[in-house]
Amino acid sequence: MTAISGWGRYPIIDTELIGPRTTEAIVRATEQGDQAVARGNGRAYGDAAVGVRQTITMTHLNRMRAFDHATGQVTVEAGVLLSDLIAAFLPRGFFPYVVPGTSFITVGGAIAADVHGKNHHGEGGFGRYVETLLLALPTGEVVRASRKDHPDLLQATIGGMGLTGSILEATIQLRRVETGWIRQRTMVANNLAAAIAALDGNESVTYSVAWIDCLAKGASLGRSLIFLGEHAASNQLDERQFANRFPLRKPPLSVPIDMPSFALNHWSVAAFNELYFRAGARKAGSSILVPAAPYFFPLDALGNWNRIYGRRGFVQHQCVLPAKNAEAALADMLGRIARRGGSSFLAVLKKLGEASGGLSFPMPGYTLALDFPIGRDLFSFLDELDVLVVKAGGRLYLAKDARQSRATFDAGYADLSGFRDVRRTIDPTGKIKSRLAARLGI
Amino acid sequence: MAEKAVLILGGTSDIARATALAFAKRDWTVRLAGRAPPELQREADDISARTGRTVTIHQFDVLATGSFAAFADALPGLPDVVISVVGLLGDQARAETDPDHASEIMRSNYEGPALILSLFAERFRARGAGAIVGISSVAGDRGRGSNYVYGSAKAGFTAFLSGLRNRLAASGVHVMTVKPGFVRTRMTEHMKLPPIITATPEEVGEAVLAGLSRHKDVIYVRPIWLLVMLIIRMIPEPVFKRLKL
Ligand SMILES: Cc1cc2nc3c(=O)[nH]c(=O)nc-3n(C[C@H](O)[C@H](O)[C@H](O)COP(=O)(O)OP(=O)(O)OC[C@H]3O[C@@H](n4cnc5c(N)ncnc54)[C@H](O)[C@@H]3O)c2cc1C
Ligand SMILES: NC(=O)c1ccc[n+]([C@@H]2O[C@H](COP(=O)([O-])OP(=O)(O)OC[C@H]3O[C@@H](n4cnc5c(N)ncnc54)[C@H](OP(=O)(O)O)[C@@H]3O)[C@@H](O)[C@H]2O)c1
C-alpha cells in the first residue's frame with residue numbers, strides 16, 4: 001500500500017499503486033482491476049485520480065508514436081506530458097490547441113478531465129481536438145474510438161474522469177503557430193461588472209482570463225486584471241525575439257520542503273495582491289510579447305509549489321455559473337470571501353463556451369477558481385458557496401474537487417443517463433472505481 | 001555532408017533512450033540495436049516523432065558473438081559513434097550456485113560488449129576515425145559480496161576498454177568508458193537509491209555527449225562518484241572483506 005493524494009495533498013489515501021511499463025500490462029491491469037482507476041501525473045487536486053483499492057499509473061506510457069507534419073496530427077501514448085509535446089513540437093511550429101494552467105499533465109489526464117484553457121469561450125476544450133482514442137476496457141477489450149467508430153465511447157471518455165477505462169493512446173490535432181510568443185494585453189477592471197464586461201467585450205480574442213483581487217471589498221469588489229492574448233506572428237517580433245522564435249523553458253526549481261502553514265496568511269496574500277495589481281495596472285493598455293510558457297504556465301517554474309500551503313494541504317473550489325445568473329452569484333461569493341478574509345491565493349475568472357456533455361465540466365458561462373489552505377471553518381464555508389452555485393444552476397469541476405456533497409453534484413450534473421449507460425455496458429461488474437466516483441455515487 | 005550516425009547497442013534501455021534522444025536532438029541519425037524488435041520499434045517511433053530525425057532498428061543479441069560480423073555488415077553504413085549500453089544485472093544469489101546464470105551475466109556484461117566494440121574499433125581504425133563508448137559501471141572498480149559476478153564482468157569490460165584506448169590512441173579512434181554510478185532506470189526500479197548520488201538517464205545521455213565532444217577517456221556521470229570510489233578503493237582488504245556491501 002502507498003499513501004497518495006492529488007495536487008492539493010488532501011485527502012491522502014492508501015492505495016495499491018500499480019505502475020505498468022507497457023501497453024499490454026495496462027490492458028491486463030485494467031481487466032483485472034479491483035476498484036481501480038487510471039492516474040496520470042496527479043495534477044487533479046482532490047481524489048479523482050486515486051482508486052478505491054488500486055491506482056494504475058500511466059506515466060511509464062510516455063512514448064510518442066507518430067507525427068504528421070502535413071496535418072499537424074500527433075499520436076502519443078497517454079502518459080506523454082503536455083510539456084513534452086510543447087518541447088518537441090513548438091520548435092517545429094505547432095502548439096496544443098488547449099492548454100490548462102500547468103503543462104505538467106498527461107494527455108490521458110487532459111482528455112479524461114476535458115481540460116479547458118483561456119480559449120474555451122471560442123475554441124472549446126481539449127476533447128474537441130481528439131481525433132481517435134485507444135481505450136482499454138475492464139472487459140479486457142481494446143477499442144479504437146473516434147467520431148466514426150464507437151462515438152458514444154469517445155464522447156463518454158472525454159471528460160469521463162477515467163471511469164470508462166484506461167486511455168492508452170490518442171491522436172490529437174495540434175495548432176500551427178508561427179512563433180512561440182504571445183502578444184499580451186492587460187486591462188484593468190475596477191469591479192466585477194467591469195471584469196465581466198471586459199471578458200464579454202473581447203470574445204473574439206483567442207485567450208482571455210481575469211485575475212481577481214479577492215481581498216478587495218465594497219465598490220472595488222471583484223477588481224481585476226484582464227489578460228488577453230494572441231499567438232504572435234513572425235513579423236510582430238523584433239530582431240532579438242525573432243532570433244529566439246520558439247523560446248523554451250528550463251526545468252523548474254522546486255520547493256524542497258513543506259512551508260509552514262502561516263506562510264500564506266492573510267497579510268502575505270494581501271501584499272502579493274497589492275503588488276500584482278499595481279504591476280499589472282502599470283503595464284495596462286499596450287501589448288507586450290511574452291514567451292508562451294510563462295504566459296500559460298506561470299507556476300510551472302516553481303516546481304512543487306503545492307508545498308507552499310504546508311502539510312495540511314489545500315483545496316481548490318472551481319465552479320461554473322450559467323451566464324445569466326453569473327454576475328449576481330459571483331458578487332455574492334466574492335463578498336463572502338472578502339468578509340471571511342480567507343486567503344485565496346489564486347482567484348481566476350474565465351469565460352467558458354459550449355458544453356460537451358457527460359461528466360465534462362464546461363458550460364456556457366463564467367468559471368471562478370479559488371485556492372484555500374485547509375483550516376478553520378473551511379469546509380462549512382465552501383458548503384455555503386456550493387449553495388450559491390447550485391442556486392445559480394452551476395456546478396463544480398471534478399478535477400478540482402475533494403469535498404462536494406452528492407446533492408451538489410447531482411444538481412450540477414443532472415443529465416448523466418447517457419454516461420451511466422456507457423458505464424453499465426463497459427463495466428458491468430464495477431472494476432473501475434475512483435475515490436471521487438465512490439464519494440459522489442457516479 | 002551526410003548526417004552523422006550513432007549506433008546504440010541495447011536500444012531498449014532507459015539509458016539508451018535518453019542517450020539516443022540527446023543525439024537526435026542534435027540532428028544525428030540514430031540506429032538502435034537490440035534483441036526485442038517490437039520494443040525497439042516503440043523507442044524508434046518515439047525518438048523520430050519527438051525530433052523528426054531518422055531512426056532505424058536492427059536485430060542484435062550480444063550473446064550471439066558468431067553473428068557480429070554479419071550484423072555490422074548489414075548496417076546502412078559504418079556509424080560515426082558506437083555506444084554499448086547492453087548489460088545484465090542478473091541475480092547474484094542465483095549466480096553463486098548456477099554457473100549458467102553466472103556465465104550469462106559475465107558474457108552479457110563483458111564478453112559480448114567487448115567483442116562487438118572491438119569489431120567496430122577495428123573498422124574505425126581502418127577508416128581512421130570514429131568513437132567507441134562503453135557503458136561500464138563503478139561496480140567494476142571493486143568486487144563486493146552483493147554483486148561481484150556482475151561487478152567482475154564490468155571490471156573486465158573496463159580493463160578491455162582501457163587497453164583498447166591505449167592501443168588506438170594514435171589512430172584517430174576515441175574510446176570512452178562511462179561509469180554512470182546509480183541511475184534511476186528499469187534495472188534499479190525496486191531499489192532504494194540515495195538521491196544525491198543517483199543520476200537520471202537524461203544526465204547520462206548528456207554526459208556521454210559532453211564527454212565525446214571533450215575527448216574524455218573515462219567519465220563518472222556525477223563527479224561525486226569519483227570521490228566515493230576513491231574511498232572505497234582505499235579501504236584495506238582485511239577491513240573491506242568484513243564490511244557488508
Ligand atoms: C497548477 C494547475 C493549474 C491547472 N489549471 C487548469 C486549467 O486551467 N484548466 C483545467 O481544465 N484544468 C486545470 N488544472 C487541472 C488539471 O489540468 C487536470 O486535473 C488534469 O486532468 C490533470 O492531468 P493529470 O495527467 O495530472 O491527471 P490526474 O490528475 O492523474 O488524473 C485526472 C483524471 O484523469 C484520469 N486519467 C488520467 N490519465 C488517464 C488515462 N490514461 N486513462 C483514463 N483516465 C485517465 C484520472 O482517473 C482522473 O480522473 C490545473 C491543475 C494544476 C495543478
Ligand atoms: N541503472 C544503474 O544504476 C546502472 C549503473 C551503472 C551501470 N549501468 C549500466 O547501464 C546499462 C543500461 O542499464 P539500465 O539501467 O538502463 O538497465 P536495463 O534496462 O536492464 O538495460 C540493459 C539493456 O541491455 C540489453 N540486453 C541485455 N541482454 C542483452 C542481450 N543478450 N542482447 C542484447 N541486448 C541485451 C537489454 O535489452 P532487453 O530489453 O532486450 O532486455 C537492455 O536494453 C547497463 O550496461 C548497466 O549495467 C546501470
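A residue counts as near a molecule if one of its heavy atoms lies within 4 Å of it. The model shown is predicted.

**View 1. The shell of residues around ligand 2**.
Ligand 2 is surrounded by 26 residues. The closest are Thr12(B), Arg35(B), Tyr150(B), Val183(B) and Thr185(B). By class, the shell holds 12 nonpolar, 9 polar and 5 charged residues.

Helix 1 (14–25), helix 6 (148–168) and strand 7 (182–183) of chain B each give two or more residues to the shell.

**View 2. The contact between chain A and chain B**.
Here 15 residues of chain A meet 13 residues of chain B. The two chains bury about 1,200 Å² between them, 35% of it on carbon and sulfur atoms. Of the area that chain A buries against chain B, 53% comes from Arg21(A), Arg63(A) and Met64(A), more than from any other three residues.

**View 3. Charged and polar pairs across the two chains**.
Chain A and chain B share 5 salt bridges. One joins the side chains of Asp14(B) and Arg21(A), at 3.9 Å from N to O. Between the chains, 9 residue pairs are in polar contact. Strand 5 (64–68) and helix 2 (82–89) of chain A each supply at least two residues to the side touching chain B. Strand 5 gives the most, with 4 residues.

Technical notes:
Residues are numbered from 1 along each chain as its sequence is written. Chains are lettered from A and ligands numbered from 1 in the order in which they are written. This is a predicted model: local features need pLDDT of at least 70, side-chain atom pairs count only at pLDDT 80 or more; totals for chains, interfaces and linings use all residues. Side-chain values use heavy atoms; hydrogens and water are left out. Ala, Val, Leu, Ile, Met, Phe, Trp, Tyr, Cys and Pro count as nonpolar, Asp, Glu, Lys and Arg as charged, and the others, Gly among them, as polar. Contact means heavy atoms within 4.5 Å. Buried area is the accessible area (1.4 Å probe) that two parts lose on being put together, summed over both. A salt bridge is a side-chain nitrogen of Lys or Arg within 4 Å of a carboxyl oxygen of Asp or Glu. A polar contact is a pair of N or O atoms within 3.5 Å; within protein, one must be able to donate a hydrogen and the other to accept it, and residues adjacent in sequence count only if both atoms are side-chain atoms.
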